[in-house]
Amino acid sequence: MAITAADVNKLRQETGAGMMDCKKALTEADGDFEKAKEILRKQGQKIADKRADNATAEGIVLAHVSEDGKTGKVIALACETEPVSKVADFQNLAMAVMSTAVATNASSKETLLATPQADGRALQDHITDLMGKIGEKIDVASFETVSADKVVSYIHSNGKLGVLVGLTNTNGTDVTEVGKDVAMQIAAMKPVALDKDGVDATIVEREIEIGKEQARQEGKPEAMLEKIAMGKLNKFYKENTLLNQEFVKDSSLTIAQLLEKTSKGLTVSAFKRVAIG
């Protein structure tokens with residue numbers, strides 16, 4: 001059957017796909033709109049499969065904190081190139097991902113992506129559709145949740161870095177300002193854990209071995225290597241665990257001391273740092 005411009009435009013309005021893609025799909029489907037939509041979806045899946053191993057170093061990070069301030073979520077929707085990250089369809093998709101996460105309180109990325117949208121299709125299907133339309137890989141690179149007495153969020157000015165901080169023992173104190181300071185600290189200083197107890201054992205082993213090798217290269221006696229390495233490990237803890245880091249705005253205070261100064265017993269129970277690129 002003849003495919004009219006009106007048919008093509010109608011399919012384009014319903015799917016958001018390009019005019020030529022819509023025309024090809026309608027021609028292949030012999031004018032059947034539902035078949036044409038399925039063809040366009042398969043096109044998106046082909047692109048997804050083809051570009052599965054491509055790097056996604058661009059995108060957008062969004063954060064949301066519940067009205068009661070006790071639960072925060074952060075998502076990173078990643079793509080391959082910066083121009084795509086600025087496209088309205090991409091940014092709208094990022095907001096849809098966050099809205100779904102908030103509405104369902106999804107516990108994992110897998111659950112989030114499987115969540116049905118208004119049309120009954122899974123969120124992942126909508127991501128795949130946009131891949132077909134745009135022609136490059138799109139992925140929910142990160143999805144994190146933090147719950148605490150008070151959760152504070154921070155999004156860096158480039159839109160590609162976000163932080164959630166969970167504060168406990170607030171004792172009725174307004175800790176929003178100090179929470180922002182701690183969030184910006186995390187964004188800048190990239191702590192690997194809250195304190196030394198939270199550092200992964202493999203990282204500890206690696207740092208000890210590095211410390212021993214550095215001391216060995218400096219000609220230190222073998223009997224002294226362990227002690228020297230432990231000293232270097234303690235320095236690592238000070239520089240790389242949040243509560244032990246020097247506060248970037250006032251180096252006379254550690255983060256733990258800053259929190260205690262703000263309100264007795266105040267501390268960070270959890271944090272998440274999400275970055276693209």
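Trainee: What is the radius of gyration of the chain, and what does the globule rule give for 277 residues?

Mentor: This is a predicted model, and its chain holds 11 helices and eight strands. The chain is more spread out than a compact globule, because its radius of gyration is well over the rule's value. The C-alpha atoms fill a box of roughly 85 × 50 × 30 Å along the principal axes.

Trainee: What distance separates the centres of domain 1 and domain 3?

Mentor: The domain assignment gives domain 1 as 5-51, domain 2 as 58-193 + 270-275, and domain 3 as 196-264. Taken over C-alpha atoms, the centres of domain 1 and domain 3 are separated by 57 Å.

Trainee: What percentage of the residues in the chain is buried?

Mentor: The accessible surface of the chain comes to about 14,700 Å², and carbon and sulfur atoms hold 49% of that area. Among contacts with a separation of 6 or more, 61% join residues 24 or more positions apart. Of the 277 residues, the buried ones make up 42%.

Trainee: Which strands stand at the edges of the open sheet of three strands?

Mentor: The order in this sheet is S1-S2-S3, with antiparallel pairing. Each edge strand has a single partner strand, so one side of it is left without a neighbour in the sheet. The edge strands are S1 (58-65) and S3 (138-147).

Trainee: Which helix lies across S1, S2 and S3?

Mentor: The helix in question spans residues 88-104. Its direction runs at about 150 degrees to S2. The helix is H5.

Trainee: How many residues lie between S4 and S5 in their hairpin?

Mentor: Strand S4, residues 150-155, pairs with S5 in the antiparallel sense over six bridges, and Lys150 stands opposite Leu167 in S5. Gly159, in the turn, has a positive phi of about 70 degrees. The number of residues between S4 and S5 is five.

Trainee: Through how many residues does a hairpin join S6 to S7?

Mentor: Strand S6 (residues 246-247) and strand S7 (residues 250-254) form an antiparallel pair over two bridges. Glu246 stands opposite Thr254 in S7. The hairpin joins S6 to S7 through two residues.

Trainee: What is the phi of Asp30?

Mentor: Most residues other than glycine have a negative phi. Asp30, in the loop between helix H2 (19-28) and helix H3 (33-50), has a positive value although it is not a glycine. Its phi is about 55 degrees.

Trainee: Does Asn171 count as buried or exposed?

Mentor: Asn171 is found in the loop between strand S5 (161-168) and helix H8 (176-189). Its phi is positive, near 55 degrees, in a residue other than glycine. The cut-off for exposure is over 50% relative accessible area. At 55% relative accessibility, Asn171 therefore counts as exposed.

Notes:
Residues are numbered from 1 along each chain as its sequence is written. This is a predicted model: local features need pLDDT of at least 70, side-chain atom pairs count only at pLDDT 80 or more; totals for chains, interfaces and linings use all residues. Side-chain values use heavy atoms; hydrogens and water are left out. Two strands pair if DSSP finds at least two bridges between them. Helices (H or I, at least four residues) and strands (E, at least two) are DSSP runs, numbered from the N terminus. Contact means heavy atoms within 4.5 Å. Axes are lines fitted to C-alpha atoms, for helices over the stretch in contact, and angles run from 0 to 180 degrees between N-to-C directions. The radius of gyration is taken over C-alpha atoms; the globule rule is 2.2 Å times the number of residues to the power 0.38. Buried means under 20% relative accessible area, exposed over 50%, partly exposed in between (1.4 Å probe, protein chains only). Accessible areas come from the Shrake-Rupley method with a 1.4 Å probe; for residues, only the protein chains shown count as cover. Domain bounds come from an automatic or database domain assignment.
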